[in-house]
Amino acid sequence: MIRYRFLAAIALLPLTANAPMPRPGGAAFIRAMLDSQNEARRAAGVPEIAWDDNLAVDAQQWADHLAGTSSFYHSDNDRGSDPDGEGENLFMGTQEAYSYQQMVGMWVDEKKFYRDGVMPNLSTTGNWDDVGHYTQIIWSSTKRVGCALANNGEDDYLVCRYSEPGNFYGESPR
């Protein structure tokens, strides 16, 4: 059974290509993470983000923890090594059932519930959690991202960390 999980409801997108996924942490993985998120940022009219190896190290530590404990939750608010804190997006799904683009695509698909405004009034559903991954991706003051993947033999865990973090109450993403 193919399954996925992240902290918002969204449609299931099974992997359609049989080609092997690029190695996590390699150039193709980094390119997939940046391209998928920068495409959403361009569409939202905000500057592109750049890759940050330190954020990727922090993301890898959390992805390894989640996979090692078969758990799924955000780390605490003072997460990461960045002195200003780090934003975080999480994905969990059946191991090797989703491409990297599909994983990030589920976060970007939250755009369908997004409306311009200030945090927390950004969702047409009335629940900002329904757009929280998307708004972190398009948060205009976010300049850097680092992502990592871990698995536990059953599920893949994708963690992306962002600096500056987004989703601040009373502020607009753009």
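Does N167 count as buried or exposed, and at what relative accessibility? N167 counts as buried, at 16% relative accessibility. The cut-off explains the label: buried means under 20% relative accessible area, so N167 falls within the class. The model is predicted.

## Overall fold

The chain comes to four helices and five strands. Read from the N terminus, the order of elements is β-α-β-α-β-α-α-β-β.

The chain has 174 residues, and buried residues make up 51% of them. Among contacts with a separation of 6 or more, 71% are between residues 24 or more positions apart. The accessible surface is about 8,200 Å². Carbon and sulfur atoms account for 50% of that surface.

## The covered elements

Strand β3 is mostly covered: eight of its eight residues are buried. It is joined to β5 by eight bridges, and the two strands run antiparallel.

Helix α3 spans residues 100-108. Eight of its nine residues are buried, so the rest of the structure largely encloses this helix. The buried residues are Y100, Q102, M103, V104, G105, M106, W107 and V108.

Side chains of opposite charge can pair when their charged atoms come close. The structure holds six salt bridges. Two of them involve R161.

The side chains of R161 and E86 meet at 2.7 Å, N to O. R161 lies in strand β5, and E86 sits in the loop between α2 and β3. The pair therefore ties together parts that are 75 residues apart in sequence. Both ends are buried: R161 has a relative accessible area of 3%, and E86 has 2% relative accessibility.

R161 also meets E88 in a salt bridge, at 2.9 Å, N to O. E88 is in strand β3 and R161 in strand β5, so this pair ties together parts 73 residues apart in sequence. E88 is buried, as is R161. Through shared partners, salt bridges join E86, E88 and R161 into one network.

## D58, buried without a salt bridge

D58 is found in helix α2. What is the nearest side chain of opposite charge to D58, and how many Å away is it? The side chain is that of R161, 4.6 Å away. A salt bridge needs a side-chain nitrogen within 4 Å of a carboxyl oxygen. D58 is buried yet has no salt bridge.

Leaving aside neighbours within four places in sequence, D58 is in contact with G80, S81, D82, E86 and R161. Two of these contacts, E86 and R161, belong to the network described above.

## The R144–D52 bridge

Another salt bridge joins the side chains of R144 and D52, at 2.3 Å, N to O. This pair links distant parts of the chain, 92 residues apart. R144 is in strand β4, which covers residues 144-151. D52 is in the loop between β2 and α2.

R144 is partly exposed, with a relative accessible area of 29%. D52 is buried, with a relative accessible area of 10%.

## The disulfide

A disulfide is a covalent bond between the sulfur atoms of two cysteines. The count here comes to one disulfide. C147 and C160 form it, with their sulfur atoms 2.1 Å apart. The link is right-handed, with 110° about the S-S bond.

C147 lies in strand β4 and C160 in strand β5, so the pair ties together parts 13 residues apart in sequence. C147 is buried, and C160 is buried too.

## Backbone points to check

Two peptide bonds are cis. One runs from M119 to P120, with omega near 10°. P120 lies in the loop between α3 and α4. The other runs from S163 to E164, with omega near -10°. E164 is found in the segment after β5.

E96 has a positive phi of about 60°, although it is not a glycine. E96 sits in the loop between β3 and α3 and is exposed, with a relative accessible area of 57%. N167 also has a positive phi, about 65°, and is not a glycine. N167 lies in the segment after β5.

Conventions
Residues numbered from 1 in each chain as written. Predicted model: local features only at pLDDT ≥ 70, side-chain atom pairs only at ≥ 80, totals over all residues. Heavy atoms only, no water. Buried < 20%, exposed > 50% of the residue type's maximum accessible area, 1.4 Å probe, protein only. Lys, Arg positive; Asp, Glu negative; His and termini not counted. Contact = heavy atoms within 4.5 Å. Pairing = 2+ DSSP bridges. Areas by Shrake-Rupley, 256 points an atom, 1.4 Å probe, with all protein chains shown as cover. Disulfide = S-S within 2.5 Å.
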